[in-house]
Amino acid sequence: MPEKLQSPKGTHDVLPADAAPRLAVERVARKVLEGAGYRRVETPTFEATELFARGVGASTDIVQKEMFTFEDGGGRSITLRPEGTAPVARAYLQHGMHKLPQPVKLWYLSSFFRNERAQAGRFRQFWQIGAEAIGSAEPVVDAESIVLLHTVLTELGVQDLHLRLGSLGTPQTRADYREKLVAHLRANEDRLSEEVRGRIDLNPLRAFDADHPGTREVMRTAPLLMDELAAEDAEHFAEVRAHLDAAGVPYDLDPTLVRGLDYYARTVFEFTSGALGAQSAVGGGGRYDGLIEQLGGPATPGTGWAAGIERILLSAGHRPEPEPVLDLYVAIDGEQRDLRVTGFQLAQRARAAGLNAQLELAGRSMKGQLKQAARSGARYVAVVRSEEIGLKDMESGEQHPVTGGVDAVVHDVLRGGTL
């Protein structure tokens, strides 16, 4: 016997029972984001590897360890997208969106791919909703972005929600701070984990994320970037906080907050859920004023976020979605071909009129068809016979003959099944 095929490690199937909650996420995201002027965008599943090396950062874990990269037929290096901001920034540049009124506000719901160890709510193929506002450096853009994600997560019922907020300053501020942090790490190198020691020069900020006890002890006395902010950066961050206060969105200042992507500058934030345990992140983002420039465009400010759908659903708990109402089930009482054709025509006419309609497809007996209609929650059953079409009200059990053909049946169902 051949080996039984399974879904690849770190992936999962979205079965029909799982689809309704995911549709609820999409519905809420669309309502909240499009209500605020964001418009949907979708980028290709794969991009040139250089996009992520330049945009996300060659020193990040994503680029160094987690990307699914391959060569296409022309020998070009291609990568399945591991995140959404760099592709959206590429699309902004490619399609001349700088000519539109700024900021250009875009949102997406897409699948992404990272070759990392699967955990609860974390997969190698995963789905995210994301929002990007490109073309404005105003602090109110940061605040609005954060409030919109807070609204989405709250409306979806994410439990024990917390917002961590910080600022990374400008690239120059970060470069000056980096020298101080590297000096601190070098002075305590013997107490650091091997992984942190290996990337002191490459990405020292990631030391704040370490779980290693010795490293955590060293980082308790490390200099903090938020203490080094230039006056302009500090004022920008103060305005972001003032807008959040005005919106009534609570937050905790976290001077050690580090996002795993190199393009962030100034505001960074992360939403966590106490329902998720140690791996508590649900979504987050921040400002990326240098990203467009890194991709070859002019200096263009931007801010945005992404939130994992699997993480949202896990932290929101089970919230059953109502099944769509089935208006009409078309049953066939007989084996003749003309009866099946009439039933098929009736189902199509009903759907064209805006009704939810299902057609008997399995050759069941009439008793079996009525049972299936009841299981499906049908309001009415149209029984197609050689001499007439009967319309049965499944709630009252009453059945009426309908004259006038399939259009008359559709008409009766639309007005409530009465004659």
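Start by selecting Glu-47: its bridge partner is Thr-79, in S4. Strands pair here if DSSP finds at least two bridges between them; strands (E, at least two residues) and helices (H or I, at least four) are DSSP runs, numbered from the N terminus.

This is a predicted model, where local features need pLDDT of at least 70, side-chain atom pairs count only at pLDDT 80 or more, and totals for chains, interfaces and linings use all residues. Residues are numbered from 1 along each chain as its sequence is written, and side-chain values use heavy atoms, leaving out hydrogens and water.

Now show the whole open sheet, 3 strands in the order S2-S4-S3 with antiparallel pairing. Strand S2 (46-48) and strand S3 (69-71) stand at the edges with a single partner strand each, so one side of each lacks a neighbour in the sheet. From one strand to the next, the twist averages 35 degrees.

Finally, pick Leu-181. Beyond its neighbours within four places in sequence, Leu-181 is in contact with Pro-204, Leu-205, Phe-208, Met-219, Ala-222 and Pro-223.

Methods:
Contact means heavy atoms within 4.5 Å. Axes are lines fitted to C-alpha atoms, for helices over the stretch in contact, and angles run from 0 to 180 degrees between N-to-C directions.
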